[in-house]
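Here are my notes on the helix packing. Please read them alongside the model.

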Amino acid sequence: MRHLAAYLLLQIGGNDSPTAEDVRRVLGAVGIEADEERLEKLISELEGKDVNALIAEGSAKLASVPSGGAVAAPSAAAAGGAAPAAAAAAEEEEKKEEKEESDDDMGFGLFD
């Protein structure tokens with residue numbers, strides 16, 4: 001990721017075709033040692049390609065990926081008198097889900 005970030009910084013700075021040495025200099029300026037294997041792979045895969053076109057193509061692919069479940073909340077006006085009962089049922093369900101999630105630490109914490 002850092003190699004790609006350095007490559008993109010060079011592109012933004014006006015270098016249309018950054019070399020591996022250019023990326024090494026950018027990373028070295030902030031005290032990061034370049035991984036030669038990853039750097040060479042990145043340079044070979046991006047050589048002769050328009051980065052802006054690649055970003056646009058990737059964005060189009062990501063747009064088709066579902067990003068989560070949307071839950072429709074019941075409307076109070078449409079539900080009429082059933083809204084308080086539905087709200088109470090939803091609260092019960094949330095409490096049950098919270099309890100299930102708290103038991104799901106698999107024996108270790110995030111910062112252990």
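1. Start with α3, residues 36-46: its L39, L42, I43 and L46 are buried. Buried here means under 20% relative accessible area, exposed over 50%, and partly exposed in between (1.4 Å probe, protein chains only). Seen down the axis of α3, the buried residues fall within an arc of 95°, so they line one face of the helix. The arc is taken over the directions from the helix axis to the C-beta atoms. Helices are DSSP runs (H or I, at least four residues), numbered from the N terminus.

2. Caveats on the source. This is a predicted model: local features need pLDDT of at least 70, side-chain atom pairs count only at pLDDT 80 or more, and totals for chains, interfaces and linings use all residues. Residues are numbered from 1 along each chain as its sequence is written, and side-chain values use heavy atoms, with hydrogens and water left out.

3. What do the buried residues of α3 pack against? Their partners are α1 (2-12), α2 (20-29) and α4 (51-63). Contact means heavy atoms within 4.5 Å. The face of α3 turned away from its buried side carries E37 and K41, both exposed.

4. Now α2. A20, D22, V23 and L27 are buried there. They cover an arc of only 160° around the axis, which puts them on the same side of α2. R25 and A29 are exposed on the other side. The cover over the buried residues of α2 includes α1 and α3.

5. Check the residues after the helices. G31 follows α2 and has a positive phi, near 80°. G48 follows α3, and its phi is positive, near 80°.

How values were computed:
Helix = DSSP H or I, 4+ residues; strand = E, 2+ residues; numbered from the N terminus.
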